[in-house]
Amino acid sequence: MKMEQPATVGLDIAGLMHATRAEARRVMEASKGDVVSDHEAILDRLQVAELITGEEARTLLELYRIGYEAGEGKGDAQRAFFESRGIYDRMAASGTASPVALIVASAGVGSFEVAPGDDGSTTVTIARVSYGSSLAGIGAGIGAIIGGPAGGALGGAIGGLLGGIVDEKKDKKKP
């Protein structure tokens with residue numbers, strides 16, 4: 001039995017990169033620099049593609065806001081981490097969350113860095129504007145084009161990992 005594959009005629013990495021940059025510019029221009037609106041547009045795209053539900057989109061936007069506010073210093077990073085982790089835990093335990101929603105939520109939780117402090121206590125930090133959730137959402141959208149829902153889950157995971165790399169590198173100063 002042969003499984004049907006999505007149409008990917010003419011699909012290449014350079015073309016995907018170009019399309020991704022063009023779409024990112026369009027979204028950023030439309031939101032006029034509002035990164036929460038950027039993320040909302042990404043989630044809307046995933047919802048239209050039926051990779052996440054409306055309720056999941058609202059939950060994922062709330063997760064993004066929690067991390068964004070912690071990164072901006074408007075909230076306590078440790079409290080935001082545990083709140084985000086609790087939301088993710090409820091989604092995962094529900095048994096009804098889509099794989100793409102779980103990937104994007106996991107990237108949101110993974111955007112926090114939990115490490116031991118000098119005194120042995122736990123310290124939690126997050127980048128000022130973390131790219132983990134956003135790139136997970138973008139990766140899910142691109143992955144779904146290539147390989148349907150399974151491609152969306154894989155693309156979301158890859159995007160979230162890339163977002164973590166961007167977070168690590170963007171605040172580093174060159175020697």
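The model is predicted, so local features need pLDDT of at least 70, side-chain atom pairs count only at pLDDT 80 or more, and totals for chains, interfaces and linings use all residues. Residues are numbered from 1 along each chain as its sequence is written, and side-chain values use heavy atoms, with hydrogens and water left out.

Start with the overall layout. The protein holds 6 helices and 2 strands. Helices (H or I, at least four residues) and strands (E, at least two) are DSSP runs, numbered from the N terminus. Along the sequence the pattern reads α-α-α-α-α-β-β-α. The protein has 175 residues, and 37% of them count as buried. Buried means under 20% relative accessible area, exposed means over 50%, and partly exposed lies in between (1.4 Å probe, protein chains only). Contact means heavy atoms within 4.5 Å. Among contacts with a separation of 6 or more, 63% join residues 24 or more positions apart.

Now turn to the helix pairs. Two packed helices are described by the angle between their axes and the distance between the axes. Axes are lines fitted to C-alpha atoms, for helices over the stretch in contact, and angles run from 0 to 180 degrees between N-to-C directions. Angles under 35 degrees count as roughly parallel, over 145 as roughly antiparallel, 65 to 115 as roughly perpendicular, and the rest as oblique. A crossing is left-handed if the near helix is turned anticlockwise from the far one by less than a right angle, and right-handed if clockwise.

Take H2 (residues 35-48) and H3 first. They pack at an angle of about 155 degrees, and their axes are 10 Å apart. H2 and H3 are therefore roughly antiparallel. Their crossing is right-handed. From H2, the contact uses Val35, Val36, His39, Glu40, Leu43 and Gln47. From H3 come Gly54, Ala57, Leu60, Leu61, Tyr64, Arg65 and Tyr68. By class, this contact has 8 nonpolar, 3 polar and 2 charged residues. Here Ala, Val, Leu, Ile, Met, Phe, Trp, Tyr, Cys and Pro count as nonpolar, Asp, Glu, Lys and Arg as charged, and the others, Gly among them, as polar.

Ala41 also sits in H2. Ala41 is partly exposed, at 25% relative accessibility. Its C-alpha atom is 7.0 Å from that of Val27, 14 residues away along the chain.

Next come H3 (residues 54-71) and H4. Their axes come within 9 Å and cross at roughly 165 degrees. H3 and H4 are therefore roughly antiparallel. This crossing is left-handed. H3 contributes Thr59, Leu60, Leu63, Ile66 and Ala70 to the contact. H4 contributes Ala77, Ala80, Glu83, Ser84, Ile87 and Met91. The contact has 8 nonpolar, 2 polar and 1 charged residues.

A salt bridge is a side-chain nitrogen of Lys or Arg within 4 Å of a carboxyl oxygen of Asp or Glu. The count by this rule is 1. Arg85 is partly exposed at 39%, and Asp89 is partly exposed at 37%.

Finally, look at strand S1 (residues 112-116), where Val114 is found. Val114 is partly exposed, with a relative accessible area of 43%. Leaving aside neighbours within four places in sequence, Val114 contacts Phe81, Thr122, Thr123 and Val124. Val114 and Val124 are 10 residues apart along the chain, and their C-alpha atoms are separated by 4.6 Å.
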